[in-house]
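Here is a short briefing for a first look at a structure. Keep the sequence and the 3D view at hand while reading.

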Amino acid sequence: LPEAAARILEGLNPVQRQAVQVTEGPVLIIAGPGSGKTRTLTHRIAYLIATGRARPHQILALTFTNKAAREMMERIERLVGAEAARHIWMGTFHAIFARILRREGHRIGYTPDFSIYDTDDSERLLRELMARYHIDPRQYSPRTIRHLISGAKNQMIGPEEYARLVASPVQEKAAKLYGPYQEALRKANALDFDDLLLKPIELFEQHPDVLQRYQERWRYLHIDEYQDTNRAQYVLARKLAAAHRNLCVVGDDAQSIYAFRGADIGNILSFQRDYPDATVIRLEQNYRSTRRILKLAEAIIQHNRDQLEKRLWTENPEGDPIVLIEALSERDEAQKVEQRIRDLHVRYGYAFRDFAVLYRTNAQSRSLEEALRRGGIPYRVVGGLSFYQRKEIKDVLAYLRLLVNPHDAASLQRVINYPARGIGQRTIEVLADYARQHGLSLWQAIERVEEVGLPTRAQKAVQEFHFLIARHAAKMDAMPVDELARSLLQESGLLEELRREGTPEALARWENVQELLNAIAEYVATAGEQATLSGFLQEVALLTDLDEMPEDNRVTLMTLHASKGLEFPVVFITGLEEGLFPLAQATQDRKDLEEERRLFYVGVTRAQRHLFLCYARSRYRYGEQQPSVRSRFLEELDTDVIVTEAGLPFRRGEVLDRRPRSERYVEMDPHYYRRPLQQRRSSGATRRVVYDEGAGEIVPGARVEHAIFGEGKVLALEGQGDQARAIVFFPEVGQKKLVLKFARLRRI
Ligand code: ATP
Ligand code: MG
C-alpha cells in the first residue's frame, strides 16, 4: 500500500477499515449515531484517491447539507491534499444536479442561466396564476397549494396523475394549477427546488446518452444520511450507479427525521432489495458521547416500534449526569441556559463554539437570543434566519415603523398591499410618479390621493390603508405600545392572513408574530412609563445591527432538524413540553410521534460530554401565556442517568416543584400582561385582586420577587393607581423602575 493510503486506514477501527477497503460493488453502512459513518465515508473517498483506484473527478459524494459537504471536503484535503480534493464532485443533491442542469439542461429546453425559485418566488407565481384561473387566494392560500404541488413532485407524481388522485377541494385547485405552474416556470426559464431533482431524471430518461456519460464518469458514488433521501433522490442514485454499481450509502434508520418532507426510510430497505449482493456493514462503537449520554439515547429509542436492532457501545468514560432543568417560563429557561453556559465556560474553560442550544421550532430562538445577548455571550442562529430577519417579523416591524415614520418608503412599499387589499403594482407606480412630480414622499401622495387621479376602487383602497395607519398613529401616545401593536396587526388583517393559511409553516409564522408581540409586552413591562414605540424599534434595530462578535467562536442556536450529523461538547435541548416537543400535530399518529422521538434521539446524540434537558412550566404560545406539561419523552424514561438541578436523581412522574399548588399557580401565570387583550378585559376581577393585593404589600424597603429579574429590594414608590411605580434594585440586573400593574411583584 502507498504510505498515504496506510495512513488513511490508521485512524479507523477494523470494521470501519473494512468499509473503506471494500471499494467495489454496492455497500450499505447502517449504524447508530457517532459510530463514524461520516468519518468512514470521508476516509473511503480519500483512500480511493490515495490508492489510485479512482481519479478525483470519478468520485461523486452527496451530502444532506452544504455545511456537511464543506466539512467533508476539508477533511479530505488534509488526507490527500487540496489539489486532488478539488476535483471531487461533492455537494448536496440540489447543488450537484443544478450543476449538471447548467451543462445539459439545453437538451430539455433550459438555457444555462436558468433561475432557481425559492418558496417565496414559487408562491408569488402561484398567486398570479390563481388570479388568472379565478381562484380566490383568500379561500385557498398559495402557500398551501405550493405545499401540495411540492408534495406531489417529491413523490414524482405528475399533473395528470395528481388530478386523478384529488380528494378535496383544495387539492382540486392544486391539480388545476399544477400543470400551468410547471408551464409558467418553464416560460420563465426557472426551476423550483423540486425540479432540481426531477428535471435530471427527465433529462436522463429522454437522453440515455447523457445518462451513460455520467454513469461512466462517476465510477464511485457515495451518499451520507441515506435515511433521509426521498423518492427522486433514490431514483437518481439508482440510475447513476447502474453501470459500475459502486454505490456506498450510509445511514441510520433511527435518525430519519424528514419524512414530513418526503424522505422515505424505505429507501434503506429497498437498497438491500435492489442490490441483494450488497456488503452490509454495521458499526457499533460510538466515539462521540459519554456512556451516560448513550444510555439515555438507548432509553429514548427503545420506545419506538419501527426500529432496526442496533447495538452501540463506547470506550468513553461514564461522564457527568444529564441535568434536567425546570424553568418558570421560556424567558426563565433561556436565562438558565445562559447561566449554565457562562458557568461551564468559566469553570471548565469551554469555548463558546463548544455549545449548542437546540429547539423544536424556530420561534423558540427569540427568548434564547435575548438571554444570550443580555449576558453578552456571542451566538449565531443556524438555519432559519435570526428572529428579527424573518419575513413575517419584518412585515410587522414595517407596519410599526410606519406609525413612527410614515415617510419610510421601504416599509410602506412592503406592507401597502400586504395582506392583499387591492392596491396593485400599477397603483403604487402611479402614486410614486405623482410623489416624484410634486416633490412629495409616497406617504404624502397617499394623503392627497383624490388629486392623483386613480380609478375609484384603487383610490378607495388607498384611502382605507391611509386611515388604518393614521388612526393608529394618532393613538400612539394614548395607548400602551403592546395594545397599539396588537390592534394594528389585527385590523391590518395580517394575523388573520396567517391563520387562514393553516399550514404548519403559516402557523409557525403566526407564532413568530405572537412572539414579537410578546417581546413588545416585555419591553413595556421593563421600560414602564418610558415605553414608546420608537424606543422599542430602536432596541430592535440595534439588536439586528449587533455583529461585533468574532465569526468563529459562538454558541450555536438551531433547530433539532438542523443539528443532524453535527457534534458538540455541550448540548441543551430546550422546550421539552407536550404540544411543543412532541408537536401537538404529531401526537395523533404513532408514525408521526415516532418521528418526533427520533428527533429527540438525534438531539441527545449530538452531545459529546454534557447534556441538559430543559422545559418551562409556562410558555407563551398561540397568543397567550399558557401553563405547560412536561414532555412525554421525559415521562417515559426509566433511567438513572438524569439528575435535577439540585443534583438529586430524577425519576419519571416526579414533581420537581414542591411548593403548594396555590403558590405554584401564581407563578405558572406570572405575566398578566402577556395575555391577549380580550382576556385581560374579561378578567377584570382577577386583575384587581392581584394588583391591589400585590401593591398593598409593596413598601419601600420590602424584599420582593419578580418573575424575571429575581429577588430585589424596593427603594422607592411613586405615582398613583394604574400609574403606581416602584423603583427596585435587583442584584442580578440592577435598578429598574416598574409599573406595579404590570410587574406583579411578590413580597418575600
Ligand atoms: P451521525 O449518525 O450523528 O452522523 P456518524 O456515525 O456519522 O454520526 P461521525 O460524525 O463520523 O459519526 O463520528 C463521530 C465522532 O467520532 C467524530 O468526532 C469522529 O471523528 C469520531 N470517530 C469516529 N471513528 C473514530 C475512530 N475510529 N477513531 C477515533 N475517532 C473516531
Ligand atoms: Mg454522520
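The expected span of a helix is 1.5 Å times one less than its number of residues. Helix 8, residues 142–154, can be checked this way: its 13 residues reach 18 Å from first C-alpha to last, close to the 18 Å expected. Bear in mind that this is a predicted model.

**Helix 8**
- Eleven of the 13 residues of helix 8 are buried, so this helix is largely enclosed by the rest of the structure.
- Pro142, Arg143, Thr144 and Ile145 are among the buried residues.
- Ala152, Lys153 and Asn154 in helix 8 are buried too.
- Met156 follows helix 8, and its phi is positive, near 60°.

**Helix 11**
- Helix 11 spans residues 195–206 and has twelve residues.
- Its reach from first C-alpha to last is 16 Å, close to the 16 Å expected at 1.5 Å a residue.
- Buried residues of helix 11 include Asp195, Leu196, Lys199, Pro200 and Phe204.
- The cover over the buried residues of helix 11 includes helix 6 (93–104), helix 8 and helix 10 (169–187).
- Strand 5 (190–192), helix 12 (208–217) and helix 13 (231–241) are also included in that cover.

- Seven strands form an open sheet with parallel pairing, in the order 13-14-12-15-16-11-19.
- Strand 13 (379–381) and strand 19 (642–644) are the edge strands, each pairing on one side only.
- On average, neighbouring strands of this sheet are turned by 25° against each other, direction ignored.
- Strand 11 (residues 322–327) and strand 16 (residues 607–616) run parallel and are joined by five bridges.
- Glu326 stands opposite Tyr615 in strand 16.

**Around ligand 1**
- Ligand 1 is surrounded by 19 residues.
- The closest are Gly36, Lys37, Thr38, Arg39 and Tyr287.
- Helix 3 (residues 37–50) gives the largest share of this shell, with three residues.
- By class, the shell holds four nonpolar, ten polar and five charged residues.

**Glu595**
- Glu595 lies in helix 27, which covers residues 590–604.
- Is Glu595 buried or exposed? Glu595 is buried, because 22 other C-beta atoms lie within 10 Å, and 20 or more are enough to count as buried.
- Leaving aside neighbours within four places in sequence, Glu595 is in contact with Ile257, Ala259 and Ala586.
- Leu397 and Glu595 are 198 residues apart in sequence, and their C-alpha atoms are 35 Å apart in space.

Methods: Residues are numbered from 1 along each chain as its sequence is written. Chains are lettered from A and ligands numbered from 1 in the order in which they are written. This is a predicted model: local features need pLDDT of at least 70, side-chain atom pairs count only at pLDDT 80 or more; totals for chains, interfaces and linings use all residues. A residue is near a molecule or strand if its C-beta atom, placed from the backbone, lies within 6 Å of it. Helices (H or I, at least four residues) and strands (E, at least two) are DSSP runs, numbered from the N terminus. Ala, Val, Leu, Ile, Met, Phe, Trp, Tyr, Cys and Pro count as nonpolar, Asp, Glu, Lys and Arg as charged, and the others, Gly among them, as polar. A residue is buried if 20 or more other C-beta atoms lie within 10 Å of its own, exposed if 12 or fewer, and partly exposed in between; C-beta atoms are placed from the backbone. Two residues are in contact if their C-beta atoms, placed from the backbone, lie within 7 Å. Two strands pair if DSSP finds at least two bridges between them. Axes are lines fitted to C-alpha atoms, for helices over the stretch in contact, and angles run from 0 to 180 degrees between N-to-C directions.
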